[in-house]
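Please look through the structure shown here, beginning with a pair of helices and moving on to the ligand and its surroundings.

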Amino acid sequence: MRGLKNKNAVVTGGSKGIGAAIVSRLIEEGVNVFSLSRSIHDKILGANYFKCDVSNEDDVINVINKISKICDNIDILVNNAGIEKYAKLGDTDTKTWQEIIDVNMNSIYIVSREVIKHMKTGSIVNISSVQANIVTRNAAAYVTSKHAIIGITKSIAVDYGPGIRCNAVLPGTIDTPLVDMAARLEVGDDPEKISKKKAEWGNLYPMKRIGRPEEVASAVAFLASDESSFITGSSIYVDGGLSVLAPVSTPDK
Ligand code: NAI
């Protein structure tokens with residue numbers, strides 16, 4: 001894609017799932033990638049890894065300082081790191097609420113604030129969720145954090161244009177360790193039952209399947225590149241049509 005080769009990118013939560021696919025795709029496009037993760041499992045060849053809890057302000061300040069000494073301008077930031085825990089508002093204790101808001105939302109404030117100091121021009125992409133629009137039960141803190149990301153995205157877009165663009169990507173269910181964990185909570189550890197559960201979820205989508213991490217990475221690469229040069233403050237759904245499907249039955253003749 002136009003305008004990606006030799007650019008510098010910071011990606012949070014790049015060690016697995018959607019983040020790992022984003023790291024791989026940006027490397028394929030010739031980007032120099034710095035991946036920030038709490039735990040580093042399988043490193044993707046060609047990426048630079050930094051251990052960092054993105055909800056810890058000191059950690060973030062230290063790591064972004066280090067990266068800014070290696071590269072002149074940070075051209076791309078992908079705020080991807082996120083966690084999900086399931087409960088209604090009344091069943092969520094303060095510690096859990098705070099943890100989800102810190103990792104999913106406050107980290108975007110802290111990481112973006114630090115990166116913007118070293119981003120004269122560039123593109124920020126925030127991974128929100130289809131849950132910033134339609135909402136599942138038992139996910140109060142997660143849903144709140146994903147709605148807030150849309151606000152952060154719009155604020156950065158209007159405050160930092162024209163030099164910096166900022167957009168959000170809203171994935172539907174994507175086949176990652178996070179979704180395996182959600183399936184396991186419903187059906188237990190049997191891999192066959194987990195696959196069946198994911199297929200069942202997929203069947204609810206107009207595309208009749210759940211998404212792949214690479215399909216989110218494509219949208220991120222587009223928003224990071226010059227191909228999206230007049231897009232800022234926007235949200236792009238990568239949800240297989242889920243958010244436009246009305247949950248009512250109609251005659252098909
Ligand atoms: P995952 O659980 O497979 O991977 C999450 C990544 O974030 C891991 O690399 C993990 O180490 C990192 N991470 C978590 N907390 C961190 C912290 N405090 N500091 C640094 N890194 C941290 O999750 P998945 O599915 O890849 O999700 C990525 C993003 O996409 C999240 O923001 C999630 O909310 C969002 N999303 C995922 C969907 C899905 O169905 N998988 C749907 C919609 C949004």
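Helix α3, which spans residues 94-116, packs against α4 at an angle of about 15 degrees, and their axes lie 8 Å apart (axes are lines fitted to C-alpha atoms over the stretch in contact, with angles running from 0 to 180 degrees between N-to-C directions; helices are DSSP runs of H or I with at least four residues, numbered from the N terminus). Because angles under 35 degrees count as roughly parallel, α3 and α4 are roughly parallel to each other.

This is a predicted model, in which local features need pLDDT of at least 70 and side-chain atom pairs count only at pLDDT 80 or more, while totals for chains, interfaces and linings use all residues. Residues are numbered from 1 along each chain as its sequence is written, and side-chain values use heavy atoms, with hydrogens and water left out.

A polar side-chain atom of Thr176 is 2.5 Å from an oxygen atom of the ligand, and a polar backbone atom of Gly13 lies 3.2 Å from a ligand oxygen atom. Of the 830 Å² of accessible area that the ligand has on its own, the protein covers 96% (by the Shrake-Rupley method with a 1.4 Å probe).

Notes: Polar contact = N/O pair within 3.5 Å; in protein donor to acceptor, adjacent residues only side chain to side chain. Helix = DSSP H or I, 4+ residues; strand = E, 2+ residues; numbered from the N terminus. Parallel < 35°, antiparallel > 145°, perpendicular 65-115°, else oblique.
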